[in-house]
Amino acid sequence: MLAHIHELINKNQGSISLSDFMSSALYHEKYGYYMNKVSIGKDGDFITAPEISQLFGEVIAVWIMNTWEKLGKPPRFSLVELGPGKGTLIHDIIRVTRKYSSFFDSMSLHLIEVSPALRKVQKQTLKDAEVSWHEDIDNLPEQPMIFLANEFFDALPVDQFVYKNGEWYENRITKQGDSNFNFTQFKLVPELAMREKLFDGAVLEMCTARIDMIKKIEEKIHSNKGAALIIDYGYIYPTYKSTLQSIRQHKYTDVLEGIGSSDITTLVDFSALQNALKYTDCEILTQREFLYSFGIKERMQILMKNADNEQKSRILSTFLRLTENMGTLFKVMLLLNI
């Protein structure tokens, strides 16, 4: 991986953008973090909501069935998950909805996954289900669609710009010796500089990959009818600070170390996603508000009735983690086109 990054820098006159660095570190076909390992879970580097508790997937299932009804109960529709991890969320959705035959029989499952390692795990998790895998959303069937994206947008590559002394600079990656890298700020030429004037030291993160993806999703549900549920840690009102972070074995690490072995993400700017929409109104709320709206507390109480003391403690702990610990940091974006 180091040799690959060095070669990129050499080909680009001594520096590369943060987005190019992230693309290589995360998605290089041979060395990329997501491409060669299963990183999710206690034995991995981070844990996502579906891995924390079945409550999460059960609430999502309720939302999907509710949305299907709003769409007029189409006889065929696609349930599409972007970045499905180990396949746990879809597995829970299948378990909950299988008993509702009219809904279940109308649903075709499509997973958007570029990682061979994760596809292998997903196929094992979902071995009893009929699932289609894709590398992108371009070739999905032309029928109503419901999209799910849980902790997908945060890992799409971003660029960083810094405002200081009345001018804009770009944070780029440069070499330091034979095996290390630095962040170096390059002054933007006037025609590339942003017009916005901010406070000294302000950091602006921009992600064209997120904007492109939300536009693609909107085009699909505009053309075919449908909905989207996007859940991620992020903000509605930017603080203009760097949100770049690297995680390995559940601990924060230096972004420029352990390249290809650490997860690199940034917080999602939900206002930027909203502003990119042309045809579809959207609602943005906290994960806590969303989960409460679709019955997580009531479901938790049902599970508690048949649990022993140890199970009750675990159920309550995971409920609080989803609704309180993650409840406000994580945002939910809902799109609906009927």
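**Salt bridges and cysteines in the predicted model**

In this predicted model, K11 and E7 lie four residues apart in helix α1 (residues 2–11), and about one helical turn therefore separates them. Their side chains meet in a salt bridge, with a nitrogen-to-oxygen distance of 3.2 Å. The two partners can also be described by their accessibility: K11 counts as exposed, at 62% relative accessibility, whereas E7, with a relative accessible area of 41%, is partly exposed. This pair is one of the nine salt bridges that a search of the whole structure finds.

A further salt bridge is formed by the side chains of R95 and D92, for which the distance from N to O is 3.4 Å. Both residues belong to helix α6 (residues 88–97), where they stand three residues apart, about one turn of the helix. Of these two partners, R95 is partly exposed, its relative accessible area being 37%, while D92 is buried, with a value of 8%. Salt bridges that share partners join D92 and R95, together with E58 and R299, into one network.

Within that network, the side chains of E58 and R299 meet in a salt bridge with an N to O distance of 2.6 Å. R299, by contrast, has a relative accessible area of 27% and is partly exposed.

C207 takes part in no disulfide, and the cysteine sulfur nearest to its own, that of C282, is 17 Å away. The separation of 17 Å is to be set against the criterion, by which two cysteine sulfur atoms must lie within 2.5 Å and the pair is therefore not counted as a disulfide. C207 itself counts as buried, at 11% relative accessibility. For C282, which is likewise in no disulfide, the nearest cysteine sulfur is that of C207, at 17 Å.

Key: Residues numbered from 1 in each chain as written. Predicted model: local features only at pLDDT ≥ 70, side-chain atom pairs only at ≥ 80, totals over all residues. Heavy atoms only, no water. Salt bridge = Lys/Arg side-chain N within 4 Å of Asp/Glu carboxyl O. Helix = DSSP H or I, 4+ residues; strand = E, 2+ residues; numbered from the N terminus. Buried < 20%, exposed > 50% of the residue type's maximum accessible area, 1.4 Å probe, protein only.
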